[in-house]
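Let's take a friendly walk through this protein chain, from model confidence to charged pairs and nonpolar cores. Keep the structure open beside you as you read.

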Amino acid sequence: MFYDKEEDDGEREATEQVFKIIIIGDSGVGKTCLAHRFATGKFPEQTEATIGVDFWERRLNLNGAKIRLQIWDTAGQERFRKSMVVHYYRNVSAVIFMYDITRESSFRALATWLQEYDHYGISDEGEVPKLMIGNKCDLIHERIVSSNQARKFADLHSMPVWEISTKNDEELETIESIFLTLSHKLLKSRSSFMDRPTNYSSIDSFSDSTRSASRRSKKGRNSKRIKLKHEERQKKKCCESS
């Protein structure tokens, strides 16, 4: 089953570069909503529990370089992961670790997700950029995980961290900036493969560097969603805990 928003049916350019970005975290933290937001620019009022893996594709043109981002939305529930976990991490280009600021258990689970990545992560592209996102800032009055807690954990594991709400339209520019700056970094690291990518020095510099690129990208979004599993799914409100 395919969901196409805007797909160019013309031949792919031979110079197109493909990057695989996976989103990891507990069930219900908003992984599907993040992928949907970046790929389509819209917030889904309802989603389906991810079984196995879905991935979204979006094509970008960055400074003349044609790239295709594959955003892998992974299952957060153990019973849906067992047969697919190796495929999640194979030849991954970047990893996003996601938690819910209103659920401490999802934040504590990040340590386990990092261990899983360390165990299964296989890449031909050298050091893989990792970053952390805390979701559901629209529920700020229900916050359990503080910004300070999140920053300390991120610093410990050499990751930048953002707090966002995939539900708020005002956050779209921030979400765009995260993915676009990551894309620039991936392009740079691939073009000079022998040079290891450096750690992001700060959240502000990482985000601000592509703010203008974020605005330009909204004019020509080219994306699609691909379902890899054909199984019956249970409807739920987006980002709802399972």
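This is a predicted model, so a word on confidence comes first. The protein chain has a mean pLDDT of 75, with 63% of its residues at 70 or more. Over residues 193-219 the pLDDT stays under 50, and the model has 46 contacts beyond four places in sequence for them. Residues 226-237 also have a pLDDT below 50, and this stretch has 38 contacts in the model beyond near neighbours in sequence.

**Charged pairs**

How many salt bridges does the count come to? There are eight salt bridges in the count, and the table shows three of them, including the distance between the closest N and O atoms for the pair R59 and E16.

| Pair | N to O distance |
|---|---|
| R59 and E16 | 2.9 Å |
| R68 and E57 | 2.7 Å |
| E176 and R58 | 3.0 Å |

Take the salt bridge between R59 and E16. R59 sits in strand β4 (residues 53-62), while E16 is in the loop between β1 (2-6) and β2, so this pair ties together parts that lie 43 residues apart in sequence. Both R59 and E16 are buried.

Next comes the salt bridge that R68 forms with E57. Here R68 belongs to strand β5 (residues 65-74) and E57 to strand β4, eleven residues apart, and the pair links distant parts of the chain. R68 counts as buried because its relative accessibility is 7%, and E57 counts as buried because its value is 5%.

The side chains of E176 and R58 meet in a salt bridge as well. E176 lies in helix α7 (residues 172-191) and R58 in strand β4, so parts 118 residues apart in sequence are tied together by this pair. E176 and R58 are both buried. Through salt bridges that share partners, E16, E57, R59 and R68 are joined into one network.

Is K20 buried or exposed? K20 counts as buried because its relative accessibility is 8%. Strand β2 (residues 17-24) holds this lysine, and the side chain of K20 reaches the backbone oxygen of R90 at 2.9 Å. Setting aside neighbours within four places in sequence, the contacts of K20 include Q70, W72, Y89, R90 and V92.

T32 is found in helix α1 (residues 31-40). With a relative accessibility of 12%, T32 also counts as buried. Its side chain is joined to that of D73 by a polar contact of 2.5 Å.

**The nonpolar cores**

Which residues have the most contacts inside the largest nonpolar core? They are I21, L34, L69, I71, I96, I133 and F179, in a core of 28 residues. Two or more residues each come from β2, α1, β4, β5, β6 (94-100), β7 (130-135) and α7. Helix α7 gives the most to this core, with seven residues.

Leaving aside neighbours within four places in sequence, I133 is in contact with L34, I96, F97, M98, Y99, W162, I164 and I178.

Technical notes: Residues numbered from 1 in each chain as written. Predicted model: local features only at pLDDT ≥ 70, side-chain atom pairs only at ≥ 80, totals over all residues. Heavy atoms only, no water. Helix = DSSP H or I, 4+ residues; strand = E, 2+ residues; numbered from the N terminus. Buried < 20%, exposed > 50% of the residue type's maximum accessible area, 1.4 Å probe, protein only. Polar contact = N/O pair within 3.5 Å; in protein donor to acceptor, adjacent residues only side chain to side chain. Contact = heavy atoms within 4.5 Å. Salt bridge = Lys/Arg side-chain N within 4 Å of Asp/Glu carboxyl O. pLDDT = per-residue confidence, 0-100. Core = buried A, V, L, I, M, F, W, Y, C linked by side-chain atoms within 4.5 Å.
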